Amino acid sequence: RFPFDAMSPMGMIVAHATKTPDPPSSVTEMPIPESLDALVLECLHKDPAARPASVDELRVRLEGVELDTPWTRERAQMP
C-alpha cells in the first residue's frame with residue numbers, strides 16, 4: 001500500500017511533503033516488531049540525514065530486528 005492516501009496527484013505530492021506516514025503496524029493485523037516499524041519510518045523520513053546513511057547500515061539494522069519466527073528463504077517463498 002502507498003504510505004499516503006490522496007484523492008489526486010497534487011494531494012499525494014502535498015502529503016509526501018507535509019505528512020508523516022503511519023507506521024506499518026497500524027495498517028495490518030500481523031505482528032510487526034517495534035524496531036522494524038521504527039526503521040521503516042526512518043527510511044521514509046523527510047530529512048535525508050535522519051534516514052539510514054547507507055544500504056550497509058540498513059542491512060545491519062534489518063538483521064538486528066528480532067522476529068518471533070526467524071526469516072528464511074523458505075518463508076520468503078510462502079504465498
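A residue counts as buried under 20% relative accessible area, as exposed over 50%, and as partly exposed in between (1.4 Å probe, protein chains only). The structure is a predicted model, in which local features need pLDDT of at least 70 and side-chain atom pairs count only at pLDDT 80 or more, while totals for chains, interfaces and linings use all residues. Residues are numbered from 1 along each chain as its sequence is written, and side-chain values use heavy atoms, with hydrogens and water left out.

**Exercise 1.** Work out which salt bridges R61 forms, and where the partners lie.

*Solution.* Start with the criterion: a salt bridge is a side-chain nitrogen of Lys or Arg within 4 Å of a carboxyl oxygen of Asp or Glu. R61 meets this with E42, where the closest N and O atoms are 2.9 Å apart. That pair links distant parts of the chain, since R61 belongs to helix α3 (residues 55–63) and E42 to helix α2 (residues 34–43), 19 residues apart; helices here are DSSP runs (H or I, at least four residues), numbered from the N terminus. Next, R61 also pairs with E57 at 3.6 Å, N to O, and these two both lie in helix α3, 4 residues apart, about one turn of the helix. Taken together, E42, E57 and R61 are linked in a network of salt bridges.

**Exercise 2.** Classify E57, E42 and R61 as buried, partly exposed or exposed.

*Solution.* Take each percentage in turn and compare it with the limits given at the start. E57 has a relative accessible area of 30%, so E57 is partly exposed. E42, at 24%, counts as partly exposed, and R61, at 29%, also counts as partly exposed.

**Exercise 3.** Examine the salt bridge between R59 and E63, and decide how accessible each residue is.

*Solution.* The closest N and O atoms of R59 and E63 are 3.3 Å apart. R59 counts as partly exposed because its relative accessibility is 40%, whereas E63, at 57%, counts as exposed. A search of the whole structure finds 3 salt bridges.

**Exercise 4.** Find where I13 lies and state whether I13 is buried or exposed.

*Solution.* First locate the residue: I13 lies in helix α1 (residues 9–18). Then apply the limits: with 53% relative accessibility, I13 counts as exposed.
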